[in-house]
Amino acid sequence: MSTSTQQSGIEGAEDLFIEELAAEKTRPKKRKKDTLFDANQRGLISSTEWKQPRVRRWMRVVNVFLLSTLLVVGLGPILWLGKAAITPTQDTLRTPMALFPNGMDWYNLYQAWFEVDISQQFMNTIYLAIGSWAVQMTVATTAGFALGVLKPRYYKVFYSLVLATLFVPSVVLLVPLYLTILNPPLIGTSLINTFWAVWLPAGASAFNVVLIARFMGNLPGEIFEAARMDGAGPFRLFWSIALPMSKPIVGVVSVFAVLAAWKDFLWPLLVLPNPDLQPLSVRLPSLEQAIEKDVYLAALAISTVIPILVFIVFQRLILRGAGLGGALKG
Amino acid sequence: MAIQTTESQPTSLVRRTRLKLSNGGFSTFIFFIPLIVIFGVFSWWPIIQSGIMSFQETNLVTTSWVGFDNFYQVLNDPLLWKAIKNTIYFAVLALIFGYPVPLIAAVLMSEVRRAKGFFTVLAYLPVVVPPVVAVLLWKFFYDASPTGVFNTILGWVGIPPQPWIQDQATAMPSLVLAATWAAAGGTIIIYLAALTSVPPDLYDAAEVDGAGIWRKVWHVTMPQLRNVLFITLILQIIGTAQVFLEPFLFTGGGPANATLTVLLLIYRYAFQNSLGGDYGAATALSTMLAIFLALMSIGYFKLTSRWSDS
């Protein structure tokens with residue numbers, strides 16, 4: 001496969017994003033105007049057209065229509081889930097669209113958390129997210145430093161090997177990776193039903209390595225050279241210069257790593273058959289038939305809280321990264 | 001990509017004269033070790049193994065070479081053709097439902113002047129909901145009884161209750177609808193980013209020539225989005241060819257295999273086989289799928305590089 005042409009296709013978007021991140025760092029106080037959030041200087045409709053009453057009226061109609069559609073479609077199902085989480089089963093089943101005909105049932109949340117004990121799966125999800133994050137960070141920052149800054153003669157070999165995996169669909173990995181976990185090299189004992197089975201493969205993310213390598217490669221070389229002159233070795237360069245200066249990109253990759261761990265389903269389903277070790281995503285489907293509907297919906301709602309909170313806190317970062325993710329995913 | 005960056009020449013000059021930071025010794029190689037171990041064991045080797053296993057029969061104790069037997073077996077499985085048909089059906093429906101909607105939404109959203117960020121956040125919200133929760137929630141919405149969530153809403157406008165995922169005819173469209181809801185926000189963000197890179201001069205020029213809003217959309221915005229439209233098209237095809245979560249959780253492939261997809265079939269071969277996993281068949285089928293996807297992306301990059309040359 002011709003990775004070089006593919007690379008150039010994504011390079012534009014990526015460099016723009018990396019430049020933006022770097023620029024943000026140099027002027028931290030003044031918030032940059034963000035094209036995804038703020039009206040840009042001039043769009044499709046010109047200022048003369050905006051002055052026409054007919055255009056203004058139409059745009060108002062379009063805006064109201066757009067906003068109400070987005071509210072119903074984007075927020076509606078999530079609000080409904082929130083409502084259903086504190087509604088008695090019979091109300092949800094008989095009049096799903098009514099607002100609390102027989103009052104609220106906050107006890108659902110208690111039952112889901114303590115009696116069905118999804119607190120256990122909740123904590124598992126957090127452990128899985130933290131461990132995956134740690135492995136991904138270790139691999140991506142060291143590899144990013146090696147490929148982006150140190151660049152020994154053989155770095156191109158590894159760089160293309162990493163890039164190549166971007167273009168192999170994950171389906172191909174499913175069975176052989178499962179067998180690797182069943183019988184890993186050197187360790188001699190199956191990793192099935194251990195968190196390592198999820199943590200370690202998460203580290204093999206080409207996306208992270210490429211992003212961090214590009215970012216570190218774009219850091220001003222003079223700083224590294226000056227430190228080198230002063231006698232700093234590769235470890236000092238990595239720990240005291242490259243890592244601290246890469247905080248913006250490490251932040252982006254971290255948020256996406258945590259969200260991805262929360263979303264993961266098929267892989268933990270395969271390697272964690274023990275319910276006591278499963279994350280929420282794997283446990284929820286098996287609860288569907290096993291417990292009362294109102295408690296089940298409460299469990300669904302609890303599982304959604306953290307990702308939504310993360311999104312609200314890091315919305316700018318996530319939305320800017322999302323445009324990029326689409327451009328690189330292929 | 002629609003976003004164009006001008007390569008700045010000076011940077012590359014500076015880079016060329018940079019002091020060598022590594023002596024190529026062991027202290028440099030140490031930084032490659034996590035990469036080599038993790039990628040080697042969990043990415044590179046499994047990819048190679050996948051190719052090898054396609055030609056083998058294994059029960060985890062003994063392994064033997066069987067040539068192309070796995071491929072014959074898979075290609076002669078009547079379920080494969082059913083799965084391919086279903087996957088294509090899913091992909092086509094996803095294009096009809098899911099392709100124009102984000103584009104229209106993004107073009108409209110890019111003209112929003114107040115609280116644009118709020119619009120963007122609302123559009124992206126479904127993408128943040130964990131996919132499993134989204135599917136299970138929609139499964140609840142699809143309750144076929146007259147008091148199901150969607151059937152209640154349909155009742156308001158006088159439409160009789162629908163069977164949704166319980167009927168062969170409506171199951172697949174229901175799956176696609178839910179998948180579109182979950183994915184549209186991501187595509188909208190990509191389009192919004194691309195729309196900001198449309199040069200404003202082009203709109204100015206079109207206005208000088210007397211173009212109205214519609215003509216500007218058709219003759220400036222759309223041609224400028226051409227590349228990104230093609231990228232999202234290919235991404236969507238690559239994504240839908242691997243659809244798994246929706247059929248797995250909504251219907252388990254039913255009713256009567258009406259929603260059995262290629263990836264679900266791979267899963268069944270390997271992990272839902274009462275006779276023990278047929279890993280040979282599963283890897284043979286995933287190898288074929290991967291080759292198809294690779295051909296798709298090669299064709300796509302050939303096309304885009306031809307465009308950027310012209």
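How many residues does each chain, A and B, bring to the contact between them? Let's start there, with the reminder that we are looking at a predicted model. Chain B puts in 95 residues and chain A puts in 101. On the chain B side, the top contributor is helix H15, residues 279-309, which supplies 14 residues. If you sort that side of chain B by class, you get 64 nonpolar, 24 polar and 7 charged residues.

Now let me zoom in on one spot in that contact. Helix H16 of chain A, residues 293-313, packs with helix H8 of chain B, residues 131-141. As for the geometry, two packed helices are described by the angle between their axes and the distance between the axes. Here the angle is about 145° and the axes are 10 Å apart. H16(A) passes H8(B) in a left-handed crossing. Which residues meet there, if we look from H16(A) to H8(B)? From H16(A) we have Leu300(A), Ser303(A) and Thr304(A), and they meet Val133(B), Leu136(B) and Leu137(B) of H8(B). By class, that contact has 4 nonpolar residues, 2 polar ones and no charged ones.

Keep Leu300(A) in mind, please, for the next topic. The largest nonpolar core has 166 residues, and Leu300(A) is among those with the most contacts inside it, together with Val209(A), Ala299(A) and Ile266(B). The element that gives the most to this core is helix H10 of chain B, residues 168-196, with 19 residues. What does Ala299(A) touch, leaving aside its neighbours within four places in sequence? Its partners are Ala112(A), Val116(A), Ile118(A), Leu284(A) and Leu287(A).

The chain A helix covers residues 206-217. Is H10(A) enclosed or open? It is largely enclosed by the rest of the structure, because 9 of its 12 residues are buried. Besides Val209(A), the buried residues include Asn208(A), Phe215(A) and Met216(A).

Helix H8 of chain A, residues 174-182, is another mostly covered one, with 7 of its 9 residues buried. Among the buried ones are Leu174(A), Pro176(A), Tyr178(A) and Thr180(A).

Let me step back to chain A as a whole. Chain A has 17 helices and 0 strands. Of its 330 residues, 40% are buried. Looking at contacts in chain A between residues at least 6 apart in sequence, 75% join residues at least 24 apart.

Asp117(A) has a positive phi of about 65°, although it is not a glycine. You will find Asp117(A) in the loop between helix H5 (107-115) and helix H6 (118-150) of chain A. Lys151(A), also not a glycine, has a positive phi of about 45°. Lys151(A) sits in the loop between H6 and helix H7 (155-166) of chain A. Thanks, everyone, and let's open it up for discussion.

How values were computed
Residues are numbered from 1 along each chain as its sequence is written. Chains are lettered from A and ligands numbered from 1 in the order in which they are written. This is a predicted model: local features need pLDDT of at least 70, side-chain atom pairs count only at pLDDT 80 or more; totals for chains, interfaces and linings use all residues. Two residues are in contact if their C-beta atoms, placed from the backbone, lie within 7 Å. Helices (H or I, at least four residues) and strands (E, at least two) are DSSP runs, numbered from the N terminus. Ala, Val, Leu, Ile, Met, Phe, Trp, Tyr, Cys and Pro count as nonpolar, Asp, Glu, Lys and Arg as charged, and the others, Gly among them, as polar. A residue is buried if 20 or more other C-beta atoms lie within 10 Å of its own, exposed if 12 or fewer, and partly exposed in between; C-beta atoms are placed from the backbone. A nonpolar core is a set of buried Ala, Val, Leu, Ile, Met, Phe, Trp, Tyr and Cys residues joined through C-beta atoms within 7 Å. The expected span of a helix is 1.5 Å times one less than its number of residues. Axes are lines fitted to C-alpha atoms, for helices over the stretch in contact, and angles run from 0 to 180 degrees between N-to-C directions. A crossing is left-handed if the near helix is turned anticlockwise from the far one by less than a right angle, and right-handed if clockwise.
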